[in-house]
Amino acid sequence: MENLAEAFLRLDRKEIALLKAIERGMRRSEWVPIEDLLAKGRLSLKGTRTGLSKLVSKKLVFKTTEPYEGYQIGFAAYDLIALSELVARGVVVSLGDLLGVGKESVVFEALGRAPARGGAGSKEDPSEEDGREKNLPGGRGVAGSTEDLGELIPLAVKFHRQGTTSFKHVRRARSHLLDGPRCAWIHAARIGAAREYKVLKALYPAVSVPEPVALSFHALVMEHMGGAELYKLDLENPKECLEIVLEEIAAAWRGGFVHADLSPYNVLVGEDGEIVIIDWPQAVSRTDPRSVDLLGRDVKNVIDHFERKYRLDVEPQEAIASIIAEDEN
Ligand SMILES: Nc1ncnc2c1ncn2[C@@H]1O[C@H](COP(=O)(O)OP(=O)(O)OP(=O)(O)O)[C@@H](O)[C@H]1O
Ligand SMILES: [Mg+2]
């Protein structure tokens, strides 16, 4: 599979419309019957068939003939659907390099704009809507709009990938059943992105997290942060850095959340020592009965790193107690 931006440039409007029609159909059935695509699409029979076979040869769409002729998309096509949506809304104007591949996401750098509040582009997740393809900009490519709407800002676009493994599991376990959850991976990835967006919205700017910019299907657009992951660095001032990270954990606790997957991989440190905590889809509300345990685990993960790498001696229990006590005062 070619890279995402190139794949996007090679898609025409009809192909995007077909991908969206298949995605919508996959909310009901794992393999979308050809009849549904013909009945609901605005393309002719010939146009639909040509479009589908092009998409199959690009490996964006998969075809089955048993027990009926049906089609489904994979993550590559789902990424393209979300990207086309973001381009149509003018949020993403150009897509850059891959920033990271995590266990449950791929993250790209991009240039774009925050959607105008209250304007047409401000809808947070318009992916439930139909017929948006008519809003696609006339121009092709990742350049969505040539209008000068102010300066472009550096963004990070995180395409969620939750549920990939459980998808296989669900398919295996349920392939003989007619009912049951369809396309668990689409659902899981969407839920993951929506959760992370909600948590960032709740915490920004009180906690040092990337500013959330937009949500589309399973893609979360946020501010692009400089710096490198904590695990990669040899810090000159580890003690100060640890104190700042603990202070951010405390700020999130005050804001009602525990990160719940905190490690040196999810802390970015900038050149001037500024700290940003990323990767929040699994964050847990303070009202969750597991929240105190998860807070303890996060604090311990961070302190362990500083102990191993810099021989700092900080007692996790004291740090945890002080985060909780500080907020109760
Ligand atoms: N806002 C951002 N600005 C700059 N880089 C980012 C941003 N968000 C993510 N990244 C980069 O992408 C990588 C993966 O992001 P993130 O940790 O959110 O995803 P993940 O798939 O959940 O990772 P994990 O493997 O920890 O589960 C990060 O390690 C970081 O390098
Ligand atoms: Mg991560």
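## Briefing on a predicted single-chain model

The chain of this predicted model averages a pLDDT of 86, with 84% of the residues scoring at least 70, where pLDDT is the predictor's confidence in each residue, from 0 to 100. Over residues 119-123 the pLDDT is below 50, and this stretch has eight contacts in the model beyond near neighbours in sequence, a contact being two residues whose C-beta atoms, placed from the backbone, lie within 7 Å. Local features need pLDDT of at least 70 and side-chain atom pairs count only at 80 or more, whereas totals for chains, interfaces and linings use all residues. Residues are numbered from 1 along each chain as its sequence is written, and chains are lettered from A and ligands numbered from 1 in the order in which they are written.

**Sheet**
- Two bridges join β9 to the antiparallel β11 (residues 267-269), and A228 has V269 as its bridge partner in β11.

**Helix α5**
- Helix α5 (residues 75-88; helices are DSSP runs of H or I, at least four residues) has 14 residues, of which 12 are buried, that is, with 20 or more other C-beta atoms within 10 Å of their own, C-beta atoms being placed from the backbone.
- The buried residues of α5 include Y78, D79 and E85.
- G90, which follows α5, has a positive phi near 80°.

Technical notes: Two strands pair if DSSP finds at least two bridges between them. The expected span of a helix is 1.5 Å times one less than its number of residues.
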